[in-house]
Amino acid sequence: MKLASQRDFFSGLMFTIVGVAFAVGATNFEVGNAARMGPGYFPLLLGILLTVLGVAITAQSFRSKAPDGDPIGRIAWRPLGFVLGANLVFGVLLVGLPSFGIPAMGLIVAIYGLVVTAGFARPKSSVKESLFLATLLAIGSYGAFVYMLNLQFPVWPAFLTA
């Protein structure tokens, strides 16, 4: 069999691997049934759905009619590094790293760190634009998680609230 689309093949393979990992990981929790769902029910169904989708996309990659074989191309290292780094910045700012002496800074500061760091993934990024987007996301997140859902977690740095 000849591979017709590298992009479809590898994206389908990725979906399949992630789906199997979710399904296997869900078995560590009580799954339950449709009437009484346990904590592993949703991850199990999500894993099965991703696996089926991945197998379908992988199978389709052999039938694609892409004229040039639809190659993958180079890995975009800059966006990959900044997006992964932004998630790490968010986690560290949200809960802190006591072993390194970094205190928890709360949701609002963590959102600003996340958006500004992720903004650098784009070659011609604008800090002004990132700050505007971070403000919108911070207001929306505060409204959704703190005001509407009444979740209890630090919103501001501890030294501002004490």
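Is Phe 10 buried, partly exposed or exposed, and why?

Modeller: Keep in mind that this is a predicted model. Phe 10 is partly exposed. Its relative accessible area is 41%, and partly exposed covers the range between buried, under 20%, and exposed, over 50%, so that label follows.

Now the rings themselves. Searching the whole structure turns up three aromatic pairs. One of them joins Phe 9 and Phe 10. Their centres are 5.2 Å apart, with 80° between the planes. That pair is edge-to-face, because the angle is over 60 degrees. Phe 9 and Phe 10 also belong to a cluster.

Next, Phe 82 and Phe 120. These two form a tilted pair. The distance is 6.0 Å centre to centre, and the planes make an angle of 45°. This pair links distant parts of the chain, 38 residues apart. Phe 82 sits in helix 3, residues 77-95. Phe 120 lies in the loop between helix 4 (106-119) and helix 5 (127-148). Phe 82 is partly exposed, at a relative accessible area of 30%. Phe 120 is partly exposed too, with a value of 30%.

Last, Phe 132. This residue is in helix 5. From Phe 132 to Tyr 112 is 20 residues in sequence. In space, their C-alpha atoms are 9.6 Å apart.

Conventions:
Residues numbered from 1 in each chain as written. Predicted model: local features only at pLDDT ≥ 70, side-chain atom pairs only at ≥ 80, totals over all residues. Heavy atoms only, no water. Phe/Tyr/Trp six-rings, centres within 6.5 Å; stacked < 30°, edge-to-face > 60°. Buried < 20%, exposed > 50% of the residue type's maximum accessible area, 1.4 Å probe, protein only. Helix = DSSP H or I, 4+ residues; strand = E, 2+ residues; numbered from the N terminus.
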